Amino acid sequence: MATQAPAHSVPAGTPLTIDAAHYLGVSPIRHVKPEWRIIVAERAFRPNPENPQADWLPTVVVPALKLIVEDRGPVKSFASIGAGAGVDILTGIEILGATVVGATDVFPDITEAAEWNIRQNLSNEHPVDVHVNHGDLLTPLQGRGLSFDVIYENLPNIPIDNANALEEKRKSSNFVPPRTEKIPQFAHDHLLALHYVALKQSLEFLSADGFVISTLGGRVPLEYLSRLAVESGLTPDFLSYSWKLQALGEEVLPSYAELETRGLGPFYYYPVEALEKTFNGISTRDSGVRAIEIEKELLPYRITATQAWQAYQAGQRIGHTVAVLKSARR
Ligand SMILES: C[S@@+](CC[C@H](N)C(=O)[O-])C[C@H]1O[C@@H](n2cnc3c(N)ncnc32)[C@H](O)[C@@H]1O
């Protein structure tokens, strides 16, 4: 179990100030402090408040959380698996109005900073019961009698059998402990194993009408994302479907192309023009409802990672779709 630093001692890492309204695109800020003082631990994923449009949290997670509140009103308890700096928890408190939160991440230095970040930026008017611990997926929160209405995960997609090799250059965002669980072949082949195990573990933590939201930079067909939920014993739905320009294409595309040569995937990409045209004018809510239909419309433009890497080198802009999968108790 983590030995958490006392709340008053500042953890190690790089300080960052975040104007919550600007970062989240939400105004006024009601449930947390309007200006967040954050410490980013060395191995933690750094939020990008300078350019919120390039950050997953404001562009993918915030719209999904807003839909949840529209549908069911305030949400009492919220957890994040792999919380990094903990700004996702602050976001859950702000948008969902959560009063009980749980956060995990792999290393104690990350969770120590995350806990400090969360506690430091709470508002006196909105008390929150905070549970943070380090370790694998949800196991650090076991044994506390906790259940959650919404569990969020934005875990990395990486080949599970590469876990040991990755240890050497351990950067938390691509670290996965060696797994002992039985993983369905399709999840293994499409780098979805960590999401699958997280969903399986969530069954133990979900409240009666609770659900998990998995944000997936889906380079794989939606059918496989749905299967993740079904094979974990949950019911799938898509909250939203959108797209992103492939950032750091010269690093990411050859990696996915190489995985294809090892028989994994295929991993799918699209020319940016096709994504712009197909998603044009579709609201967040409609994108979720029509996700399967949109994927069909994109089919003629779909290319593999190997083709995408060639197109990228020839100067073409390449993107991939992003799905927010909602996996609910049956
Ligand atoms: C892309 S970051 C997401 C950070 C944050 N949740 C957000 O959305 O901004 C993925 C996080 O998952 C964590 N992670 C990776 N494997 C994990 C595991 N097996 N258990 C818990 N956390 C894990 C990483 O350390 C990293 O902080």
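This note reviews the aromatic pairs and the charges placed over rings in a predicted model.

1. Aromatic pairs overall. A pair of aromatic rings is described by the distance of the centres and the angle of the planes.

2. Tyr23 and Trp36. These two residues form an edge-to-face pair, with 6.3 Å centre to centre and 80 degrees between the planes. Tyr23 belongs to helix 1 (residues 20–24) and Trp36 to strand 2 (residues 35–40), so the pair ties together parts that are 13 residues apart in sequence. Tyr23 and Trp36 are both buried.

3. Tyr256 and Tyr269. The ring centres of Tyr256 and Tyr269 are 6.4 Å apart and the planes stand at 75 degrees; the pair is therefore edge-to-face, since an angle over 60 degrees counts as such. Because Tyr256 lies in helix 9 (residues 249–261) and Tyr269 in strand 9 (residues 268–271), this pair ties together parts that are 13 residues apart in sequence.

4. Burial of the second pair. Tyr256 has a relative accessibility of 8% and so counts as buried. Tyr269 is likewise buried, its relative accessible area being 0%.

5. Charges over rings. Arg227 is placed over the face of Phe186, 4.2 Å from the ring centre. Lys326 lies over the face of Phe211, at 4.5 Å from the ring centre.

Terms used
Residues are numbered from 1 along each chain as its sequence is written. This is a predicted model: local features need pLDDT of at least 70, side-chain atom pairs count only at pLDDT 80 or more; totals for chains, interfaces and linings use all residues. Side-chain values use heavy atoms; hydrogens and water are left out. Rings of Phe, Tyr and Trp (its six-membered ring) pair if their centres lie within 6.5 Å; planes under 30 degrees apart count as stacked, over 60 as edge-to-face and the rest as tilted. Helices (H or I, at least four residues) and strands (E, at least two) are DSSP runs, numbered from the N terminus. Buried means under 20% relative accessible area, exposed over 50%, partly exposed in between (1.4 Å probe, protein chains only). A charge sits over a ring if NZ of Lys or CZ of Arg is within 6 Å of the ring centre and within 35 degrees of the ring normal.
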